[in-house]
Amino acid sequence: MSVLPILGGPPVSRVFHGERVLTGDELAAEAWHAARLLPRGSRIALTGDDALARLCWFLGADLAGSAALLVEPSWADRERRAVLADARPDASVEVRRLAGSARPVEPVGDESTPFYLPTTSGSSGRPRVLIRSRGSWLRSFALLDLGLRADDRVLVPGPLTSSLFLFGALHALHAGAEVQLLDRWSAAEAARACRTATVVHLVPAMLSALLSAVERDPALRAACRLRTVVCAGSRVDPALAERLASLLPGCALVEYYGSAEQSLVAVRTGGALRPVVEVRIDDTGTLWARSDLGVDGHLVDGRVVPPEERDGWTTVGDRGVLHPDGTLEVLGRPASAIDSGAKIVGAEEVEAALRGVDGVLDVLVSATPHPRFGALVTALVEALPGEPPALAALRARAREALEPGKRPHRWLVTERLPRTASGKPARALVAEHLREGTLDAVEMS
């Protein structure tokens with residue numbers, strides 16, 4: 001087993017964080033130091049917002065055979081209390097930078113050892129605490145083949161409290177590539193980092209914002225070294241993919257579908273989305289997956305509750321279509337569906353169609369309560385300050401891509417969408433504001 005067990009065997013390359021750079025040996029030494037300070041075989045809550053310190057302490061917890069919970073600083077007190085009540089950590093540590101240790105630490109456990117307590121994103125409600133083994137992600141790393149090389153630098157532009165970004169960082173280190181960390185998402189900072197980064201992990205909303213930042217600065221566009229964009233979290237609209245191809249010719253787009261519960265399910269590289277594990281669609285259109293990549297369960301008051309499954313099959317509630325040629329289409333979750341005038345509208349489908357419009361950084365589609373129709377399909381558009389997209393362009397795109405019943409009837413614009421830690425729009429929070437009439441946004445006209 002490697003001196004850093006979750007990373008497997010290959011040597012670890014450098015990690016960049018602001019002005020600080022750690023070699024692979026220095027990263028291991030700081031992890032050894034952290035491991036000596038932590039109880040073995042326990043559950044650890046790690047707080048603090050320094051990305052590199054979080055990474056070192058996370059790897060140290062893994063060395064000690066402990067499962068780490070990365071506490072998200074932006075959680076409200078209610079959310080934090082609920083998560084900690086379910087996780088029941090044996091210790092809580094405010095991460096700090098450490099001096100390296102020259103003495104290696106013997107790793108505790110094996111591939112079945114729990115190493116990570118991910119939380120669901122909270123985009124649709126309260127986060128849930130999961131429990132995951134090392135082996136589940138080591139097997140996932142093997143299935144997501146990005147062709148990383150030792151001279152690649154992988155940009156992880158969001159907080160490691162998001163399993164999407166933690167996975168991207170550990171996947172890169174497992175492959176022996178360099179990693180560049182940002183403490184939090186900033187399109188401008190990410191665009192500047194792409195002058196040295198060759199690969200980036202994003203959600204589609206972040207990709208749209210990054211492209212806007214690069215478009216506005218010809219010097220950044222000329223200096224951009226990206227050769228691969230890795231997108232997850234929601235579907236990439238063809239218009240956004242075409243925008244990437246036009247702005248950065250030769251930059252490959254890799255899209256994968258998965259979840260905090262199931263890990264990797266399907267990957268798209270230059271074609272359609274294809275499953276990398278067993279999948280099926282039931283009679284209700286719900287997507288199920290069966291693999292050895294999933295979590296061991298979730299935690300309730302410190303107890304491990306096994307995953308809900310049927311003969312090894314699990315679902316997170318997404319709907320999907322499995323085509324005769326074996327390709328997969330993911331349609332989103334019923335929880336985000338809008339019942340408008342007896343028409344069921346999938347919010348993700350509408351959002352994906354509108355993200356390609358010029359001037360749109362991101363868009364969230366939700367429901368405004370209506371006494372006659374039940375709900376009005378409402379598009380909340382995130383735009384640059386003082387540069388909202390033309391309403392005519394948005395409506396034209398809706399007419400082109402969506403059937404009449406799915407087109408928004410209400411259009412709002414904001415400079416900043418409420419977001420979860422992973423960068424996804426906070427769907428439940430926006431829906432609540434729309435119900436209460438407290439949303440901070442302007443009607444488009």
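Predicted model: local features only at pLDDT ≥ 70, side-chain atom pairs only at ≥ 80, totals over all residues.
1. Residues are numbered from 1 along each chain as its sequence is written, and side-chain values use heavy atoms, with hydrogens and water left out.

2. Helix 3 spans residues 77-87. Helices here are DSSP runs of H or I with at least four residues, strands are runs of E with at least two, and both are numbered from the N terminus. E79, A82, V83, D86 and A87 of this helix are buried. Buried means under 20% relative accessible area, exposed over 50%, partly exposed in between (1.4 Å probe, protein chains only).

3. An α-helix has 3.6 residues a turn, so residues three or four places apart point the same way.

4. The face turned away from the buried side carries the exposed residues D77, R78 and R81. Cover for the buried residues of helix 3 includes strand 3 (43-47), strand 4 (67-70) and strand 17 (297-300).

5. V214 belongs to helix 7 (residues 204-216). V214 counts as buried because its relative accessibility is 2%. Leaving aside neighbours within four places in sequence, V214 is in contact (heavy atoms within 4.5 Å) with A191, R221 and L247. A191 is 23 residues from V214 along the chain, yet their C-alpha atoms are separated by 6.1 Å.

6. The chain holds 12 helices and 26 strands. Of its 445 residues, 57% count as buried. Among contacts with a separation of 6 or more, 69% come from residues 24 or more positions apart.

7. The radius of gyration is 22 Å, which agrees with the value near 22 Å for a compact globule of 445 residues. That radius is taken over C-alpha atoms, and the globule rule is 2.2 Å times the number of residues to the power 0.38. Along the principal axes, the C-alpha atoms fill a box of roughly 65 × 50 × 45 Å.

8. The chain has 51 positive and 55 negative side chains, with the centres of the two sets 1 Å apart. Lys and Arg count as positive, Asp and Glu as negative; His and the chain ends are not counted. Each charge is placed at NZ of Lys, CZ of Arg, CG of Asp or CD of Glu.
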